[in-house]
Amino acid sequence: MDADADADAESDPSFFEPASSSPYTKSPWSSHLTPSPAPSADDTSFLPNVLMGSLVREEGHIYSLAASGDLLYTGSDSKNIRVWKSHKEFSGFKSNSGLVKSIVIGGGKIFTGHQDGKVRVWKVSSRDPSVHKRVGTLPTLSDYIKCSMKPSNYLDGRRRRNLWIKHFDAISSLSLSEDNLFLYSASWDKTFKVWRVSDSKCLESIQAHDDAVNTLISSVNGLVFTGSADGSVKVWRRELQGKGTKHFFSQTLLKQECAVTALAVNEGAKFVYCGSSDGVVNFWEREKSLSHGGNLKGHKLAILCLATAGRLLLSGSADMGICVWQRTVAEHSCLSVLTGHTGPVKCLAVERDNEAGEGEQRRWIVYSGSLDKSVKMWRVSEQSPSAIVQSSPQYSPVTSPTAGLLVNAPSFVIREQ
């Protein structure tokens, strides 16, 4: 296999622009941050949901994010994957072709899904942790050649016949199984494929939807959820058969006119969330046989990404905002709306904030990537801001006439005028 993973990015701290020293300091969205020391956790004036800074690298729209330990991986339409550590650019690696649509990390490997329909596999050098080497491409060259010898392995595509083991349109989403044994790739070619991580072998290709598969998430007990531009969310069940695996269609959770754009499963996989092009989040409760729990309306435009963190759900939208939802026993409520991006919010990544004090509500570091070419970093708490500053609007699990309005939602970053 070829290896084009040259570490072409220099470790230049200037690429991390804290809001207090950024060239955008004069912008109203950063005006609430000052160089003064951050208030202590005991200071009740401390707002729990705040913008901490921006990672600025003017090289393209941000399409994908993945957080792993103290590292953040960012993918853009420049074909570069940048690696950030302690909020500074740590390294980077470049693919020869294919906009970076998705990044997942597991089993000591980094998997990237691209516009050209390929999945590329990378590993960190054992000698230099800043160097990432490409160790493979899915499908592998040997499997591609072997498969091409048999006429029955070809499928009719839009323009020409294609091998079943290869995506013939952009990869939209990647997800690893809970045990990291299987990698799932979803594509605009209406399929998702199942890869065995240990040997990079394609085990299955499932014709899942009538239109592009926009999003896929693997969950517990071998469940896989797919969402499509055809407006449906489907559930698939994985069963092991010898050394192989077989996926069976289980049920359709949703069928609507507007496209499904994002899926997420919470910690413990008790709730499944779906975001759509109409700005609505639907959710289902797994412990109630995946019965529909309701919907959340907090965006004016399409939802482009979802992420979960503890009892929180975060939804990023084409309206440039990020809604922070808190789940309680009875309902979901909007804690705050994070604003500051000047373009659609395309991707989210979350990691635990280890600096939270003992006895505090859990805090999270949220990274948001946008088509404004920046990644912003937020500190978000499971503590309700209403206990500190003001009452937050409640969003019923069922539709209400006013549920879609953002005007009363608390926002801790000033909107750009």
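Which residue in β22 is the bridge partner of V260? The legends below begin with the answer.

This is a predicted model, in which local features need pLDDT of at least 70 and side-chain atom pairs count only at pLDDT 80 or more, while totals for chains, interfaces and linings use all residues. Residues are numbered from 1 along each chain as its sequence is written, and side-chain values use heavy atoms, with hydrogens and water left out.

View A. The bridge partner of V260 in β22 is S276. Five bridges join β21 to β22, and these two strands run antiparallel. (Two strands pair if DSSP finds at least two bridges between them; helices, H or I with at least four residues, and strands, E with at least two, are DSSP runs numbered from the N terminus.) The sheet has four strands in the order β21-β22-β23-β24, with antiparallel pairing. β21 and β24 each have a single partner strand, so one side of each is left without a neighbour in the sheet. On average, neighbouring strands here are turned by 20° against each other, direction ignored. (Axes are lines fitted to C-alpha atoms, for helices over the stretch in contact, and angles run from 0 to 180 degrees between N-to-C directions.)

View B. E287 forms a salt bridge with K270, with 4.0 Å between the closest N and O atoms. (A salt bridge is a side-chain nitrogen of Lys or Arg within 4 Å of a carboxyl oxygen of Asp or Glu.) The pair links distant parts of the chain, 17 residues apart: E287 lies in the loop between β23 (280-285) and β24 (291-297), and K270 in the loop between β21 (260-265) and β22 (271-276). E287 is exposed, at a relative accessible area of 59%, whereas K270 counts as partly exposed at 39%. (Buried means under 20% relative accessible area, exposed over 50%, and partly exposed in between, with a 1.4 Å probe and protein chains only.)

**View C. Further salt bridges.** Side chains of opposite charge can pair when their charged atoms come close. A search of the whole structure finds twelve salt bridges. One of them joins the side chains of D116 and R120, at 2.9 Å from N to O. D116 is partly exposed at 25% relative accessibility, while R120 is buried at 3%. R196 and D199 form another, their closest N and O atoms being 2.8 Å apart; D199 is partly exposed, at 37% relative accessibility. There is also a network of salt bridges that links E267, R311, R362 and E382.

**View D. The open sheet β7-β8-β9-β10.** Four strands form this open sheet in the order β7-β8-β9-β10, with antiparallel pairing. Its edge strands are β7 (100-106) and β10 (132-138), each of which pairs on one side only. Neighbouring strands are turned by 25° against each other on average, direction ignored. Six bridges join β7 to β8 (residues 109-114), which run antiparallel. Look for I105 here: its bridge partner in β8 is I110.

**View E. Aromatic pairs.** The whole structure holds eight aromatic pairs. (Rings of Phe, Tyr and Trp, the last by its six-membered ring, pair if their centres lie within 6.5 Å; planes under 30 degrees apart count as stacked, over 60 as edge-to-face and the rest as tilted.) Y73 and F93 form an edge-to-face pair, 6.5 Å centre to centre with 65° between the planes. Y73 sits in strand β4 (residues 71-76) and F93 in strand β6 (residues 88-94), 20 residues apart. Relative accessibility is 3% for Y73, which counts as buried, and 0% for F93, also buried. The ring centres of F192 and W236 are 5.5 Å apart and their planes at 70°, so this pair is edge-to-face. F192 belongs to strand β15 (residues 191-196) and W236 to strand β19 (residues 232-241), 44 residues apart.

**View F. Charges over rings.** K85 lies over the face of F90, at 5.1 Å from the ring centre. The charged end of R352 sits over the ring of W364, 5.4 Å from its centre. (A charge sits over a ring if NZ of Lys or CZ of Arg is within 6 Å of the ring centre and within 35 degrees of the ring normal.)
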